[in-house]
Every structure is written in structure tokens, then in C-alpha cells.
Amino acid sequence: PWESYAPRDWRADMRYLEAAGFQLMFEECVEQPGESEAITVHCGYAAHGLGSDQIGLGPFNSHVFRVVIKDGLVVSSGMGFDFSEFSGAMWWPFQEWIQYFHPEDFAVLYESPDLSRQTDEAIALWEQRVQGYVDYVN
């Protein structure tokens, strides 16, 4: 989801996705036509996140995971996330809940309103606050 930002720690991103309740449901992977020696494969996926599955929203569709393979090795990958539906349904409402009920946590959870933080402290807090949000909504 963060391909427009500077490179990040892949392991921390995966820990964040787990802590924030993201579930990725992959669809068909398709090789993309190209003129280089590298092979580019796009895998569509749907996703739940921030407890959306537990509150009856989503899954959110139109996401694409991209892998570039050259000489049998993955040389790059990107996780494209279409925020158009997810933001209005989950991201902004969750953030508003954080700002209202836990304003002291905002700086721990977010680098900016559009970007989550993945420190060890933040990841532990993401898990706790997502569950609190689910409990609040339900």
C-alpha cells in the first residue's frame, strides 16, 4: 500500500498488516505483456483490514500485488492497495475514533494521517486499538 512512499522495512510492514487485522485474499495471477527480459506478474487481491470483517464491511477489492522476475529471481515487488473504498469505510473512521478516544496514541500509530507507523511500540498498539475499535463499532 505504500509504494508511493520511500522504501520501508518489509518485515515491519507484514507485522503491521497482521496487527491491524489485514487479511489478503488473492485472486488469479497473470503475466503482463512486456518487451524486457524480466517477467512481470500481477496478482489481484481483495482485503479486509482494521477489523472490517468483524464489523460486516468489505472485503475491499481492486488491489494488485506486482512481482518482477528476472533470471529466475524476484528483482522487485510492489503491493498496490486501492484506498478508494477502504479509506471512507475504514481508514478515516478508525482514525477519527483514535483522535476522539485515544488522541495520545495518534503520534505512535501514524507518521502522517495517510501513513501508519511500524515501530514495535506502534505494532503492539495497532493490535490493541483495532480490537477496541471493533468492540466500539459492534
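Where is Asp71 found? Asp71 sits in the loop between β3 and β4, and there it has a positive phi of about 55° although it is not a glycine. Asp71 is exposed, its relative accessible area being 70%; here exposed means over 50% relative accessible area, buried means under 20%, and partly exposed lies in between (1.4 Å probe, protein chains only).

The model described here is predicted, so local features need pLDDT of at least 70 and side-chain atom pairs count only at pLDDT 80 or more, whereas totals for chains, interfaces and linings use all residues. Residues are numbered from 1 along each chain as its sequence is written, and side-chain values use heavy atoms, with hydrogens and water left out.

The protein chain holds four helices and six strands, where helices (H or I, at least four residues) and strands (E, at least two) are DSSP runs numbered from the N terminus. Along the sequence these elements follow the pattern α-β-β-β-β-α-α-β-β-α. The C-alpha trace spans about 50 × 30 × 20 Å along its principal axes. Of the 138 residues, 39% count as buried. Among contacts (heavy atoms within 4.5 Å) between residues at least 6 apart in sequence, 52% join residues at least 24 apart.

Helix α2, which covers residues 83-101, bends by about 30° at Ala89; the bend is the angle between axes fitted to the seven residues ending there and the seven starting there. A proline, Pro93, follows within four residues of that point. Phe86, Ser87, Met90, Trp91, Phe94, Gln95, Trp97 and Ile98 are buried in α2. An α-helix has 3.6 residues a turn, so residues three or four places apart point the same way. The partners of the buried α2 residues are α1 (10-19), β3 (60-70), α3 (106-109), β5 (110-112), β6 (115-116) and α4 (120-137).

A helix pair comes next. The axes of α1 and α4 come within 8 Å and cross at roughly 20°; axes are lines fitted to C-alpha atoms, for helices over the stretch in contact, and angles run from 0 to 180 degrees between N-to-C directions. That makes α1 roughly parallel to α4, a label given to angles under 35 degrees. The contact involves Ala12, Arg15, Tyr16 and Ala19 of α1, together with Asp120, Ile123, Trp126, Glu127 and Val130 of α4. By class, this contact of α1 with α4 has six nonpolar, no polar and three charged residues, with Ala, Val, Leu, Ile, Met, Phe, Trp, Tyr, Cys and Pro counted as nonpolar, Asp, Glu, Lys and Arg as charged, and the others, Gly among them, as polar.

Not counting residues up to four places away in sequence, His48 touches Gly21, Phe22, Gln23, Met25, Asp53, Leu57, Gly58 and Pro59. Gly58 and Pro59 are themselves joined by a cis peptide bond, with omega about 10°, and Pro59 lies in the loop between β2 and β3. Leu50 is found in the loop between β2 and β3; although not a glycine, Leu50 has a positive phi of about 55°. Is Leu50 buried or exposed? Leu50 counts as buried, at 0% relative accessibility. In strand β4 (residues 73-80) lies Gly78, which counts as buried at 9% relative accessibility.

Terms used
Parallel < 35°, antiparallel > 145°, perpendicular 65-115°, else oblique.
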